[in-house]
Amino acid sequence: MTIRLFKTMAFMVILAALAIGSTAPVTARDGTSKHVTRRMALMTSQKAAMDVLTGMMAGRTYFDRDRARAARRQLIRSTGTIRKHFKKPQLDPRSHARPLIWQAWKDFKARADTAETAARDLSTRSLPALRRTLPSLMQSCLSCHETYRNTPNSFTTH
């Protein structure tokens, strides 16, 4: 095989590899998508904890102090990491985050702090205490979503 033929074949192999690579689908393993996937998981965990507490508050499920305390702990942990998960301005077609988050970062941070404080202030000692303290956390979530989420629902946490 001549050097000229070898170079031509090597060039064709490289072109084929580039063509195949450029048509590969974008997956959750891409940098932005991985970051957004973590952010979505955070909000999904918050929603799950809120579902437990709102179900108890509304009387759809029996008040269980241990489950309520576990949901409260989960909310304290997750609301405490909101700022970290949104710090980098990364968007993804699956995300509901508005770019306004990063344009009004100081306000967004303040709302995240409010949510964390409301989570810490939740009282899960009794059903009346939960009913008294959960609405402020719900309001902090709704307030943020109305401003910084593209498709706010009546009540969600992502």
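Mentor: A salt bridge here is a side-chain nitrogen of Lys or Arg within 4 Å of a carboxyl oxygen of Asp or Glu. Keep in mind that this is a predicted model. By that rule the count comes to five salt bridges.

Start with D107 and R111, which form a salt bridge whose closest N and O atoms are 2.8 Å apart. D107 and R111 both lie in helix α6, four residues apart, or about one turn of the helix. D107 is partly exposed, because its relative accessible area is 32%.

Next comes E116, which forms a salt bridge with R120, the closest N and O atoms being 3.3 Å apart. Because E116 and R120 are four residues apart in helix α6, about one helical turn separates them. R120 counts as partly exposed, with 46% relative accessibility. E116, in contrast, has a relative accessible area of 15%, so E116 is buried.

E116 also forms a salt bridge with R83, and here the closest N and O atoms are 3.4 Å apart. This pair links distant parts of the chain: R83 sits in helix α4 (residues 82–86) and E116 in helix α6, 33 residues apart. Taken together, R83, D113, E116 and R120 are linked in a network of salt bridges. As background, side chains of opposite charge can pair when their charged atoms come close.

Now move on to the loop between α6 (105–120) and α7 (127–148), where R125 has its place. R125 counts as exposed, because its relative accessibility is 66%. R125 belongs to a positive surface patch, which is formed by R65, R69, R73, R77 and R125.

At 14% relative accessibility, S123 counts as buried, since the cut-off for buried is under 20%. Leaving out residues up to four places away in sequence, S123 touches A129, L130 and T133.

Note on methods: Residues numbered from 1 in each chain as written. Predicted model: local features only at pLDDT ≥ 70, side-chain atom pairs only at ≥ 80, totals over all residues. Heavy atoms only, no water. Patch = residues over 30% accessible without salt bridge, like charges linked within 9 Å, V, L, I, M, F, W, Y side chains within 5 Å. Areas by Shrake-Rupley, 256 points an atom, 1.4 Å probe, with all protein chains shown as cover. Lys, Arg positive; Asp, Glu negative; His and termini not counted. Charge placed at Lys NZ, Arg CZ, Asp CG, Glu CD. Helix = DSSP H or I, 4+ residues; strand = E, 2+ residues; numbered from the N terminus. Buried < 20%, exposed > 50% of the residue type's maximum accessible area, 1.4 Å probe, protein only. Contact = heavy atoms within 4.5 Å.
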